[in-house]
Amino acid sequence: MPLHDKEVHPSPTRALLFDLGGVLIDIDFERVFEAWARHSALRLQEIRQRFTADTAYERHERGEMDGASYLSHLRGLLQIHAPEQAVRDGWNSVFVGEISDTVALVRAARQGLPCFAFTNTNHIHQQAWSAAYPGVVSLFNEIFVSSELGLRKPEQRSFAAVAQRMRVPPEEILFFDDMQQNVEGARSLGMRAVQVTEPEDVRRALEEILPS
């Protein structure tokens, strides 16, 4: 979507900050549910209904719960009767592939501005996407991971911590995320932020701040 807040945020953009899942890496939780359903006493629809971003999910993404404990939580919650590795493999099947159009846009943008990423993720998923998508990882000066920060989006203090690590004032950062609540969290700190529903949203925003 176009940036309509130039008068409210007159500061120049000095750095770009991107979410990963849903912006640069395509994800699909239906693949996860189908993988788990093969080992569960529950029907697929019941798995969809029971799986939520619950307290354990959030603690896992903040690094407060280790992977083995979270997978054990899932096995009980979803009645999965399978070894831990099968649950882990299902969990990692969420990743579909690179969103190539957005990857190309970031690759071009980084010639003019430093690019960073901030992702809500856990150690299990971090290992998976780091190994599967080195081309995405290499785009960024640094990737900030919620399970390492101990903070997750959309908490305002998570964006404050990231801006401090970037050494860029929040109002000089342009942030891209597919979730509206995360966009609002970034804006609450003074960042300019764009909700991404397709690569064209990224393209339009970058065209407003970068030379053609």
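Two strands count as paired if DSSP finds at least two bridges between them. Keep that in mind for the close-ups below, which come from a predicted model.

View 1. Zoom in on S6 and S7 and you'll find them paired in the parallel sense over 4 bridges. Phenylalanine 175 has alanine 193 in S7 as its bridge partner.

**View 2. Strand S1 and its two partners.** S1 covers residues 15–18. It pairs with S6 (residues 173–177) in the parallel sense over 4 bridges, and leucine 16 stands opposite leucine 174 in S6. S1 also pairs with S4 (residues 115–119), again in the parallel sense, this time over 3 bridges. There, leucine 17 stands opposite phenylalanine 116 in S4. Now look at the side chains. In a regular strand they alternate between the two faces of the sheet. In S1, Ala15 and Leu17 point one way, Leu16 and Phe18 point the other way, and all are buried.

**View 3. Helices H4 and H5 crossing.** Two packed helices are described by the angle between their axes and the distance between the axes. For H4 (residues 67–77) and H5 (residues 84–92), the angle is about 90° and the axes are 10 Å apart. An angle of 65 to 115 degrees counts as roughly perpendicular, so that is the label for H4 and H5. On the H4 side, the contact is made by Ala68, Tyr70, Leu71 and Arg75, and H5 brings Glu84, Val87, Arg88 and Trp91. Sorted by class, the contact of H4 with H5 has 5 nonpolar and 3 charged residues, with no polar ones.

View 4. Serine 93 is in the loop between H5 and S3 (95–98). Is serine 93 buried or exposed? Its relative accessibility is 17%, so it counts as buried; the cut-off for buried is under 20%. Leaving out residues up to four places away in sequence, serine 93 touches Asp28, Arg31, Val32 and Ala35.

**View 5. The start of helix H7.** Asparagine 122 caps the N-terminal end of H7, with a side-chain oxygen 3.2 Å from the backbone nitrogen of isoleucine 124. H7 itself spans residues 123–132, and its buried residues are Ile124, His125, Gln126, Ala128 and Trp129.

View 6. Most residues other than glycine have a negative phi, and most peptide bonds are trans. Glutamine 79 isn't a glycine, yet its phi is positive at about 50°. You'll find glutamine 79 in the loop between H4 and H5, partly exposed at a relative accessible area of 28%. Arginine 167, also not a glycine, has a positive phi of about 60°. This arginine 167 is in the loop between H10 and S6, and with a relative accessible area of 74% it is exposed. For the peptide bond, check lysine 153 and proline 154: they are joined by a cis bond, with omega about 10°. Proline 154 belongs to the loop between H9 (146–149) and H10 (156–166).

Note on methods:
Residues are numbered from 1 along each chain as its sequence is written. This is a predicted model: local features need pLDDT of at least 70, side-chain atom pairs count only at pLDDT 80 or more; totals for chains, interfaces and linings use all residues. Side-chain values use heavy atoms; hydrogens and water are left out. Axes are lines fitted to C-alpha atoms, for helices over the stretch in contact, and angles run from 0 to 180 degrees between N-to-C directions. Helices (H or I, at least four residues) and strands (E, at least two) are DSSP runs, numbered from the N terminus. Angles under 35 degrees count as roughly parallel, over 145 as roughly antiparallel, 65 to 115 as roughly perpendicular and the rest as oblique. Contact means heavy atoms within 4.5 Å. Ala, Val, Leu, Ile, Met, Phe, Trp, Tyr, Cys and Pro count as nonpolar, Asp, Glu, Lys and Arg as charged, and the others, Gly among them, as polar. Buried means under 20% relative accessible area, exposed over 50%, partly exposed in between (1.4 Å probe, protein chains only). A polar contact is a pair of N or O atoms within 3.5 Å; within protein, one must be able to donate a hydrogen and the other to accept it, and residues adjacent in sequence count only if both atoms are side-chain atoms.
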